[in-house]
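Here is a short report for a first look. Keep the sequence and the 3D view at hand while reading.

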Amino acid sequence: QLQASGGGLVQTGGSLRLSCLASVDNFSRRTMAWYRQAPGKQREMVATSRWGPGPTYADSVKGRFTISRDNAKKSVFLQMDTVEPEDTGIYYCYSRWGNYVSWGQGTQVTVSS
């Protein structure tokens, strides 16, 4: 239901744009988010987009990453700018509708120093 893409290898200071296509109903009212999991670490929230309130970000990415969505295309994006080696990890697209949570398959982001 969630298809993430756009990961890859990028140098420190560079940019990358992740995309997630959601084959779901009620997309515009869903909470959509990006999470990431670095090697040996727990999965953590990176950015969240909710129906109504503005987006929220992890402190570590504030001012560098931007989450956006295109409700007509049922897609959510993560623009990653000024990336750092600490941004390396598998990035997962997340969707929540009430108590129903879905995860995408993940896309690998590797930032070289």
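## Terms and model

A residue is called buried when its relative accessible area is under 20%, exposed when that area is over 50%, and partly exposed in between. The model shown is a predicted one.

## Ser15

Ser15 has a relative accessible area of 42%. Ser15 sits in the loop between strand 2 (8–11) and strand 3 (16–22).

Which residues does Ser15 touch, leaving aside its neighbours within four places in sequence? Its contacts are Val10, Gln79, Met80, Asp81 and Thr82. Arg36 is another reference point: 21 residues separate Ser15 from Arg36 in sequence. In space, their C-alpha atoms are 16 Å apart.

## The chain as a whole

The chain has 11 strands and 0 helices. Read from the N terminus, its elements run β-β-β-β-β-β-β-β-β-β-β. The radius of gyration is 13 Å, close to the 13 Å that the globule rule gives for 113 residues, so the chain is as compact as a globular protein of that length. Along its principal axes, the C-alpha trace spans about 40 × 25 × 25 Å.

How much of the chain is buried? Of the 113 residues, 42% count as buried. Now take the contacts with a separation of 6 or more: residues 24 or more positions apart account for 52% of them.

Strand 4 (residues 31–37) and strand 5 (residues 44–49) run antiparallel, joined by 5 bridges. Together they form a hairpin, with 6 residues between them. In the turn, Gly40 has a positive phi of about 75°.

Strand 5 also pairs with strand 6 (residues 56–57). This pairing is antiparallel as well, over 2 bridges. Strand 5 and strand 6 form a hairpin too, with 6 residues between the strands. There Gly52 takes a positive phi near 100°.

Where do the two pairings meet? Look at Ala47 in strand 5, which is the bridge partner of Trp34. Ala47 also has a bridge partner in strand 6, namely Tyr57.

## Surface and charge

The accessible surface of the chain comes to about 6,100 Å². Carbon and sulfur atoms make up 47% of that surface.

The chain carries 13 positive and 8 negative charges. The mean positions of the two sets are 9 Å apart.

Note on methods: Residues are numbered from 1 along each chain as its sequence is written. This is a predicted model: local features need pLDDT of at least 70, side-chain atom pairs count only at pLDDT 80 or more; totals for chains, interfaces and linings use all residues. Side-chain values use heavy atoms; hydrogens and water are left out. Two strands pair if DSSP finds at least two bridges between them. Helices (H or I, at least four residues) and strands (E, at least two) are DSSP runs, numbered from the N terminus. The radius of gyration is taken over C-alpha atoms; the globule rule is 2.2 Å times the number of residues to the power 0.38. Buried means under 20% relative accessible area, exposed over 50%, partly exposed in between (1.4 Å probe, protein chains only). Contact means heavy atoms within 4.5 Å. Accessible areas come from the Shrake-Rupley method with a 1.4 Å probe; for residues, only the protein chains shown count as cover. Lys and Arg count as positive and Asp and Glu as negative; His and the chain ends are not counted. The place of a charge is taken as NZ of Lys, CZ of Arg, CG of Asp or CD of Glu.
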